[in-house]
Amino acid sequence: INLGYDVIIADGSLKALEIFSNCPDRFDLLITDQTMPKITGLELARQVHSLRPDLPIIMCVGFSEALNDKWLDEAGISQILHKPVTKRDLASATRKVLDK
């Protein structure tokens, strides 16, 4: 998907955390999925949020994800996208959280 943003892709949550931790000011947004190996998207968001509380975070979830608003707020989740995610959904959510 090319929406005009510079994107860094990680092949897992631990790799994403490593990349982010090495240079947290390089990023304007984190997009994650809740279901990932090693640590969940929610845990990744919590750890990223502890390093950069101002960073917007979008999390993609399946229809059966049981997440409550308190957990999402504590993890700094700015927007939830329910799968399947369309290019239009992603573009809209990205613009919305970056414009806040």
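## The sheet

Strand E2 (residues 57-61) is joined to strand E3 (residues 79-82) by four bridges, and the two run parallel. Strands here are DSSP runs of E with at least two residues, helices are DSSP runs of H or I with at least four, and both are numbered from the N terminus. Two strands count as paired if DSSP finds at least two bridges between them. Cys60 has Leu81 as its bridge partner in E3.

This is a predicted model: local features need pLDDT of at least 70, side-chain atom pairs count only at pLDDT 80 or more, and totals for chains, interfaces and linings use all residues. Residues are numbered from 1 along each chain as its sequence is written, and side-chain values use heavy atoms, with hydrogens and water left out.

Four bridges also join E2 to strand E1 (residues 30-33), again in parallel. Leu30 pairs with Ile57 in E2. Thr32 has Met59 as its bridge partner there.

Five of the five residues of E2 are buried, so the strand is largely enclosed by the rest of the structure. Buried means under 20% relative accessible area, exposed over 50%, and partly exposed in between (1.4 Å probe, protein chains only). In a regular strand the side chains alternate between the two faces of the sheet. In E2, Ile57, Met59 and Val61 point one way, while Ile58 and Cys60 point the other way.

## Crossover and helix faces

E1, helix H2 (residues 41-51) and E2 build a right-handed β-α-β unit. Right-handed means that, with the strands pointing away from the viewer, the path from the first strand over the helix to the second runs clockwise.

Which residues of H2 are buried? They are Gly41, Leu42, Leu44, Ala45 and Val48. Seen down the axis of H2, these fall within an arc of 155°, so they line one face of the helix. The arc is that of the directions from the helix axis to the C-beta atoms. An α-helix has 3.6 residues a turn, so residues three or four places apart point the same way. The buried residues of H2 pack against helix H1 (13-22), E1, E2 and helix H3 (69-74).

H1 has its own buried set: Ser13, Ala16, Leu17 and Phe20. They cover an arc of only 100° around the axis, which puts them on the same side of H1. The buried residues of H1 pack against H2.

## Polar side chains

Arg52 sits in the loop between H2 and E2. Is Arg52 buried or exposed? Arg52 is buried, at a relative accessible area of 11%. The side chain of Arg52 reaches the backbone oxygen of Phe27 at 3.0 Å. Leaving aside neighbours within four places in sequence, Arg52 is in contact (heavy atoms within 4.5 Å) with Phe20, Pro24, Asp25 and Phe27.

Asp33 belongs to strand E1. The side chain of Asp33 makes a polar contact with that of Lys83, at 3.0 Å. A polar contact is a pair of N or O atoms within 3.5 Å; within protein, one must be able to donate a hydrogen and the other to accept it, and residues adjacent in sequence count only if both atoms are side-chain atoms. Not counting residues up to four places away in sequence, Asp33 touches Gly41, Met59, Cys60 and Lys83.

Gln34 lies in the loop between E1 and H2. Gln34 counts as buried, at 9% relative accessibility. A polar atom of the Gln34 side chain lies 2.9 Å from the backbone nitrogen of Leu42.

## Backbone exceptions

Most residues other than glycine have a negative phi, and most peptide bonds are trans. Lys38, in the loop between E1 and H2, has a positive phi near 75°. Lys38 is exposed, with a relative accessible area of 73%. A cis peptide bond joins Lys83 and Pro84, with omega about 0°. Pro84 is in the loop between E3 and H4.
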